[in-house]
Amino acid sequence: MKELNPSYYETTRAAQVALHYTNYQHASLFSHFSYGTVKSCSLEELPGVGNKYHLVFTEDKTSSEDVMGIHTAQILFSHTETRTAPQVNCTYNDTAKANTADDEHAFYERMRKQGKLVDGKYIPDGHGNIPAEMKPFWLLGRIASSYVMWQESSESTLYNMATVLSFQQLRPEDDFLDFEYVVLLHDMVSQEITQWSMHVRWNPTQGVKVLNYARDPRNIPFPGTAKATMSPASLS
């Protein structure tokens, strides 16, 4: 086992993967995890298997109240001929988990009663603004993007979601709300910005599910002004 400097790039990249995993598993449309500080990190080199990072790090959980959480995580980057997603085992202090169940259920019921399917684009807009009625859809896109970033990460990447280019609600077939999303992801290492499409499902009891996703080869449009075809008052 080799101790690593918490500020080294290897440490930061491993912690970011753990954060993506945690957001996909535990974030909600009204609360998400943001990166804090790595307290300690060690590297376990496993010959023929890969590199396993052991981390303790903090994060700020952004919701109606800011609270601090402490994570312990093990992230294994496999060294195989066929690329596989990092294996993550992560636990965190449950006292940092904000209770947003009432907000989620209320939002879900309002969405189910909407007579019109919702869509929107450019979140945030070119000035970094997110209209209040767009915030849950932006967070849904961020949580779903966390799954893609976790699956696509390696020891040589550092992904962040840049923007929700568009989302379109699909006609419901069961008790889930279904959406098609197109997002931009930014790899801070290569500075490459890539476009991805995702089929996303959500309900307040079972959380966010990404059914499928794909990298989109189309040209990346410049973000404009956040727009939506919906009734903001009915969702506020």
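Student: Start with R13. Which backbone oxygen lies 3.0 Å from a polar atom of its side chain?
Tutor: That of E155. Such a polar contact is a pair of N or O atoms within 3.5 Å; within protein, one must be able to donate a hydrogen and the other to accept it, and residues adjacent in sequence count only if both atoms are side-chain atoms.

Student: Before more of that, where do the numbers come from?
Tutor: This is a predicted model, with residues numbered from 1 along each chain as its sequence is written. Local features need pLDDT of at least 70 and side-chain atom pairs pLDDT 80 or more, while totals for chains, interfaces and linings use all residues; side-chain values use heavy atoms, leaving out hydrogens and water.

Student: OK. Where is R13, and what is it in contact with?
Tutor: R13 sits in helix α1, residues 9–26. Helices (H or I, at least four residues) and strands (E, at least two) are DSSP runs, numbered from the N terminus. Leaving aside neighbours within four places in sequence, R13 is in contact (heavy atoms within 4.5 Å) with E155, S156, T157, L158 and V189.

Student: Is R13 buried or exposed?
Tutor: R13 is buried, where buried means under 20% relative accessible area, exposed over 50%, and partly exposed in between, with a 1.4 Å probe and protein chains only. R13 has no salt bridge, and the nearest side chain of opposite charge, D187, is 7.0 Å away. Lys and Arg count as positive and Asp and Glu as negative; His and the chain ends are not counted.

Student: How many salt bridges does the structure hold, then?
Tutor: Four. A salt bridge here is a side-chain nitrogen of Lys or Arg within 4 Å of a carboxyl oxygen of Asp or Glu.

Student: Which residue does D174 pair with?
Tutor: D174 pairs with R201, the closest N and O atoms being 2.6 Å apart. R201 is in strand β9 (residues 192–203) and D174 in the loop between β7 (159–170) and β8 (177–187), 27 residues apart. R201 is buried at 15% relative accessible area, whereas D174, at 33%, counts as partly exposed.

Student: And D178, what does its side chain meet?
Tutor: R201, in a salt bridge of 2.8 Å, N to O. D178 lies in β8 and R201 in β9, so this pair ties together parts 23 residues apart in sequence. D178 is buried, with a relative accessible area of 7%.

Student: What about R215, which partner there?
Tutor: E192, with the closest N and O atoms 2.8 Å apart. This pair links R215 in strand β10 (residues 207–216) to E192 in β9. R215 counts as partly exposed at 49%, and E192 does at 37%. As for shared partners, D174, D178 and R201 are joined into one network.

Student: Change of topic. How many residues are in the largest nonpolar core?
Tutor: 54, and those with the most contacts inside it are I75, F137 and Y181. The largest share, ten residues, comes from α3. A nonpolar core is a set of buried Ala, Val, Leu, Ile, Met, Phe, Trp, Tyr and Cys residues joined through side-chain atoms within 4.5 Å.
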